[in-house]
Amino acid sequence: MKEITAIIRRDKVTETKQALVDIGYPSLTIQSVDGRGKQKGTMHTDMDSDNFITAVKLTPTPSTYALEHTLPKVALFVPKKMLTIVVPDDVVSTLVKAIIKVNQKGMYGDGKVFVSPIEGALRVRTGEKDGEAIT
Amino acid sequence: MKMIRAFIRPEKDQEVVLALEGAGFPALTKMPVFGRGKQKGLQVGPIHYDELPKTLIMMVIDDKDVDKVINLIQDKAKTGFIGDGKIFVSPVEAAYTVRTGEAVL
């Protein structure tokens with residue numbers, strides 16, 4: 001068994017869920033999280049046109065104000081959704097490929113996918129263990 | 001690769017994140033959680049708090065950086081009082097960047 005932890009854009013959750021249903025592994029856990037990556041929490045989206053950046057500078061928010069003035073440094077975060085999926089070993093690469101395909105916009109902030117081992121599982125309702133518990 | 005999960009005091013998270021950024025580990029995920037430890041919560045006079053708010057910081061790093069990151073987090077999150085939190089380390093087999101589709105951290 002493997003656990004797939006995918007940290008993705010908030011607006012891609014519905015599409016990702018549908019992609020998982022199409023493959024036949026619909027069960028998942030979704031959490032709202034705040035994240036930052038190599039770019040240290042700076043937003044890179046469709047809105048990154050010159051006009052939009054000018055508009056943001058004209059209407060200062062606490063973050064832009066802190067960036068432009070020498071205030072105590074603030075760590076910026078971007079809201080993300082975290083999906084956790086536990087699946088058998090043999091479908092991991094299929095699922096990872098599907099998640100990447102749906103979420104790939106080619107811009108910073110698309111997210112990360114982690115695969116880590118899971119040693120055991122138990123279905124609470126029936127007491128089924130390991131492989132049976134996740135099918 | 002290893003996944004570090006650190007449960008720290010919510011008021012310490014900015015300090016910890018900025019220290020990690022300064023040391024070259026800017027990438028992390030945080031989420032608010034509630035939990036309790038060995039002391040079964042907190043008793044303040046007649047009031048008993050069963051679950052206390054904490055911040056969970058999750059980050060995936062290379063094996064060689066684990067000790068460095070744990071020391072950094074402990075250094076900044078420590079107050080010396082009960083409730084400073086815990087750090088857990090677990091294995092990660094693969095990490096993919098969605099933007100490029102490559103299996104590198």
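In which crossing, left-handed or right-handed, does α1(B) pass α2(B)? The legends below begin with this pair of helices. This is a predicted model, in which local features need pLDDT of at least 70, side-chain atom pairs count only at pLDDT 80 or more, and totals for chains, interfaces and linings use all residues. Residues are numbered from 1 along each chain as its sequence is written, while chains are lettered from A and ligands numbered from 1 in the order in which they are written.

**View 1. The crossing of α1(B) and α2(B) is right-handed.** A crossing is right-handed if the near helix is turned clockwise from the far one by less than a right angle, and left-handed if anticlockwise. Helices (H or I, at least four residues) and strands (E, at least two) are DSSP runs, numbered from the N terminus. The two axes come within 9 Å and cross at roughly 145 degrees; axes are lines fitted to C-alpha atoms, for helices over the stretch in contact, and angles run from 0 to 180 degrees between N-to-C directions. B:E15, B:V16, B:A19 and B:L20 of α1(B) meet B:V69, B:L72, B:I73, B:K76 and B:A77 of α2(B). Contact requires C-beta atoms, placed from the backbone, to lie within 7 Å.

**View 2. B:V16 belongs to the largest nonpolar core.** Such a core is a set of buried Ala, Val, Leu, Ile, Met, Phe, Trp, Tyr and Cys residues joined through C-beta atoms within 7 Å. A residue is buried if 20 or more other C-beta atoms lie within 10 Å of its own, exposed if 12 or fewer, and partly exposed in between, with C-beta atoms placed from the backbone. The core has 33 residues, and B:V16 is one of those that touch the most other members, as are A:I4, A:A6, A:L95, A:V96 and A:V113. Leaving aside residues up to four places away in sequence, B:V16 touches B:I8, B:I57, B:I73, B:K76 and B:A77.

**View 3. β4(A) and β7(B) run antiparallel.** Four bridges join these strands; pairing requires at least two bridges found by DSSP. A:V113 stands opposite B:Y96 in β7(B). In total, 23 residues of chain B are in contact with 29 residues of chain A.

**View 4. A:D130 and B:K40 have positive phi values.** Most residues other than glycine have a negative phi. A:D130, in helix α5 (residues 130-133) of chain A, has a phi of about 45 degrees. B:K40, in the loop between β2 and β3 (42-44) of chain B, has a phi near 55 degrees. A:D130 is partly exposed, with 14 other C-beta atoms within 10 Å, whereas B:K40 counts as exposed, with 10 C-beta neighbours inside 10 Å.

Technical notes:
Contact = placed C-beta atoms within 7 Å.
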